[in-house]
Amino acid sequence: MKLPLRYYGDPVLRKIAQPIEEITDEIRQLATDMIETMEANKGIGLAANQVGRLVRLFVSSMDYEDEEGEVHSQEPEVYINPVITKPSGASIERTEACLSIPELSGPLTRPLTITLEATDLEGNRFAKECYGYEARCFMHEIDHLNGTLYVDRIKGKRRKELEPLLRKIKKKYYKTNSRK
Ligand code: ZN
């Protein structure tokens, strides 16, 4: 079932999600619903806060390009209780966007590589080395679980320029939807 998205201005996006102690049917259903919601909105990642649930889970689905330039699609994956280890010293600036902040994107510097540790739906803990956009996506989703949005990481003049746009987005999406 596709779930309603929570938008910029919604207090649930500012809350810290709680660890998942046990993978119940409810958690499995939430993961399935979140994948459906992410795909319906053409997103590459979605954290539980974004559908109003405060549990440490995100889903992601990303195409990747191989050395021959061929693009492969990957099955959507579920990441439970994710933790980032070993962020690289090297970082890179790329444009970032978020399903909870429609119509906006902004440049943000983040580490180039990370190791992500998480648990899958079968309860297996695994580690994955990630690079570039994938690493960036995972950092973005884990930020959500900690109540942080990518725009919070944009500082100074660039952030000031975003303010009026953020106010508009809050009014257009969050206030409109929460009145229903
Ligand atoms: Zn986001």
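Student: How many salt bridges does the structure hold?

Tutor: The structure holds 14 salt bridges. This is a predicted model, in which local features need pLDDT of at least 70 and side-chain atom pairs count only at pLDDT 80 or more, while totals for chains, interfaces and linings use all residues. Residues are numbered from 1 along each chain as its sequence is written, and side-chain values use heavy atoms, with hydrogens and water left out.

Student: Why is the contact of Arg-14 with Asp-152 called a salt bridge?

Tutor: The term requires a side-chain nitrogen of Lys or Arg within 4 Å of a carboxyl oxygen of Asp or Glu. The closest N and O atoms of Arg-14 and Asp-152 are 2.6 Å apart, so the pair qualifies. Helices (H or I, at least four residues) and strands (E, at least two) are DSSP runs, numbered from the N terminus.

Student: Which residues are linked in a network of salt bridges?

Tutor: The network consists of Glu-96, Arg-110, Arg-136, Asp-143 and Arg-153. Within this group, Arg-153 and Asp-143 meet at 2.7 Å, N to O. Asp-143 is buried at 7% relative accessibility, and Arg-153 is partly exposed at 42%.

Student: How do you know that Cys-98, His-140 and His-144 coordinate the zinc ion?

Tutor: Donors are N, O and S atoms within 2.8 Å of the metal (3.2 Å for Na, K and Ca); water is not among the atoms, so sites may look incomplete. Cys-98 (SG), His-140 (NE2) and His-144 (NE2) stand at 2.0 to 2.2 Å from the zinc ion, so they count as donors. Their spacing along the chain is C-x41-H-x3-H. Cys-98 belongs to strand S6 (residues 91-98) and His-140 to helix H2, 42 residues apart.

Student: What makes the ring pair of Phe-58 and Phe-138 tilted?

Tutor: Rings of Phe, Tyr and Trp (its six-membered ring) pair if their centres lie within 6.5 Å; planes under 30 degrees apart count as stacked, over 60 as edge-to-face and the rest as tilted. The structure holds five aromatic pairs. For Phe-58 and Phe-138, the ring centres are 5.5 Å apart and the planes stand at 45°, so the pair is tilted. Phe-58 lies in strand S2 and Phe-138 in helix H2, so the pair ties together parts that are 80 residues apart in sequence. Phe-58 is buried at 0% relative accessibility, and Phe-138 is buried at 0%.

Note on methods: Buried < 20%, exposed > 50% of the residue type's maximum accessible area, 1.4 Å probe, protein only.
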